[in-house]
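Subject: Structure for your files, with notes

Dear colleague,

I am passing on the structure below, together with some notes on it. Please read the notes with the structure open beside them.

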Amino acid sequence: MVEFTSHELEIIEVALVQYMKRLESGVFAERERGRIQVILEKIDNLSNDMEKL
């Protein structure tokens with residue numbers, strides 16, 4: 001399993017959000033947005049877990 005620091009997770013999250021905003025409309029874009037949203041939720045959960053430690 002790969003581990004990231006909270007700073008690295010923040011950088012990844014910002015990059016994904018920027019990418020998601022640049023996606024055009026269409027079926028592919030909607031699927032990508034859905035996948036990115038799942039990843040962002042996982043990052044958020046990891047960040048919350050790290051704060052508890």
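Predicted model: local features only at pLDDT ≥ 70, side-chain atom pairs only at ≥ 80, totals over all residues.

Residues are numbered from 1 along each chain as its sequence is written, and side-chain values use heavy atoms, with hydrogens and water left out.

The axes of helix α1 (residues 6–22) and helix α2 (residues 27–52) come within 10 Å and cross at roughly 160°. That makes α1 roughly antiparallel to α2, a description kept for angles over 145 degrees. Helices here are DSSP runs (H or I, at least four residues), numbered from the N terminus, and the axes are lines fitted to C-alpha atoms over the stretch in contact, with angles running from 0 to 180 degrees between N-to-C directions. The crossing of α1 and α2 is left-handed, in the sense that the near helix is turned anticlockwise from the far one by less than a right angle.

In the contact (heavy atoms within 4.5 Å), α1 contributes Ser6, Leu9, Ile12, Glu13, Leu16, Val17, Tyr19 and Met20, which meet Glu32, Arg33, Ile36, Gln37, Ile39, Leu40, Ile43, Leu46, Ser47 and Met50 in α2. These residues divide into 12 nonpolar, 3 polar and 3 charged, where Ala, Val, Leu, Ile, Met, Phe, Trp, Tyr, Cys and Pro count as nonpolar, Asp, Glu, Lys and Arg as charged, and the others, Gly among them, as polar.

The buried residues of α2 are Ala29, Glu32, Ile36, Leu40, Ile43 and Ser47, and they pack against α1; buried means under 20% relative accessible area, exposed over 50%, and partly exposed in between (1.4 Å probe, protein chains only).

Leucine 9 is buried, with a relative accessible area of 4%, and, leaving aside its neighbours within four places in sequence, leucine 9 is in contact with Phe4, Ile43, Leu46, Ser47 and Met50. The C-alpha atoms of leucine 9 and isoleucine 43 are separated by 6.6 Å, although these residues are 34 residues apart along the chain.

Terms used
Helix = DSSP H or I, 4+ residues; strand = E, 2+ residues; numbered from the N terminus. Parallel < 35°, antiparallel > 145°, perpendicular 65-115°, else oblique.
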